[in-house]
Amino acid sequence: PIPFFFICRDADVREVLERKDGSISSAGNFELEGARNKTVTQIDGEPHEQLRNALRDALNVRHYREITPYIEQKTRQLIDAIEARAAQSGQRRADLVEELTAPLPSYVLFHLVGIPEENVNQFRGWIQEIVNVTPAPIWDLPAWKGFSAFIDKLIAERQEQPQDDLLSRLIQNPAIGVDETQ
């Protein structure tokens, strides 16, 4: 299970930003009951540094630059879909948030992680259902079960056939490995 965390109150954000040691594990943070692992924001000291460094190594500026063509292509596809829908319906209006700015980050993030594009809408649905009940326990939600089963299967696939994605790089990193990735 993947625990969720939020730091959103002004006082908590200020507290985190003012800390000299970079720790944020107690500020506005909560842990879901029954979570197996903690996130990088829920631990301090050496374990925090190891995970943070592994994440930095796995997802660096080069990886962001390499996906620029993907971002441009996906943006064009979403705009083309808006134009096609408008032409078909005769309406020259669009909800840019719903049709462009909400889905685009999902596509980019899931592309970086290694989630196949055909699963993006399913993932967005699972995540929305999970976020709607958080911080309440999520383990019995159908969305959590589907999300978790899919991630476990994807991790097993990446162990057998690594790709050039964040998930594969995290699995291969000795500081993180499979247990922490899950």
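This is a predicted model: local features need pLDDT of at least 70, side-chain atom pairs count only at pLDDT 80 or more; totals for chains, interfaces and linings use all residues.

User: Okay, which residues of H6 meet which in H7?

Analyst: On the H6 side they are Pro-103, Ser-106, Tyr-107 and Phe-110; on the H7 side they are Val-120, Asn-121, Phe-123, Arg-124 and Ile-127. By type, the residues of this contact are 6 nonpolar, 2 polar and 1 charged.

User: At what angle do H6 and H7 pack?

Analyst: About 105°, with the axes 10 Å apart; H6 covers residues 103-113 and H7 covers 120-133. H6 and H7 are therefore roughly perpendicular to each other.

User: Switching to the core. Which residues touch the most other members of the largest one?

Analyst: Ile-115, Phe-123, Ile-130, Trp-144 and Phe-147, out of 27 residues in that core. H4, H6, H7, H8 and H9 each supply at least two of its residues. H8 gives the largest share, 7 residues.

User: What lies apart from it?

Analyst: Another core, of 7 residues, including Leu-51, Ala-54, Ala-58 and Leu-170.

User: And how many aromatic pairs are there?

Analyst: The structure holds 7. One is Trp-126 with Phe-150, a tilted pair at 6.2 Å centre to centre and 55° between the planes. Trp-126 is in H7 and Phe-150 in H8, so the pair ties together parts 24 residues apart in sequence.

User: Are Trp-126 and Phe-150 buried or exposed?

Analyst: Both Trp-126 and Phe-150 are buried.

User: Which residues do the ring pairs link into a cluster?

Analyst: Phe-110, Phe-123, Trp-126, Trp-144, Phe-147 and Phe-150.

Terms used. Residues are numbered from 1 along each chain as its sequence is written. Side-chain values use heavy atoms; hydrogens and water are left out. Axes are lines fitted to C-alpha atoms, for helices over the stretch in contact, and angles run from 0 to 180 degrees between N-to-C directions. Helices (H or I, at least four residues) and strands (E, at least two) are DSSP runs, numbered from the N terminus. Angles under 35 degrees count as roughly parallel, over 145 as roughly antiparallel, 65 to 115 as roughly perpendicular and the rest as oblique. Contact means heavy atoms within 4.5 Å. Ala, Val, Leu, Ile, Met, Phe, Trp, Tyr, Cys and Pro count as nonpolar, Asp, Glu, Lys and Arg as charged, and the others, Gly among them, as polar. A nonpolar core is a set of buried Ala, Val, Leu, Ile, Met, Phe, Trp, Tyr and Cys residues joined through side-chain atoms within 4.5 Å. Buried means under 20% relative accessible area, exposed over 50%, partly exposed in between (1.4 Å probe, protein chains only). Rings of Phe, Tyr and Trp (its six-membered ring) pair if their centres lie within 6.5 Å; planes under 30 degrees apart count as stacked, over 60 as edge-to-face and the rest as tilted.
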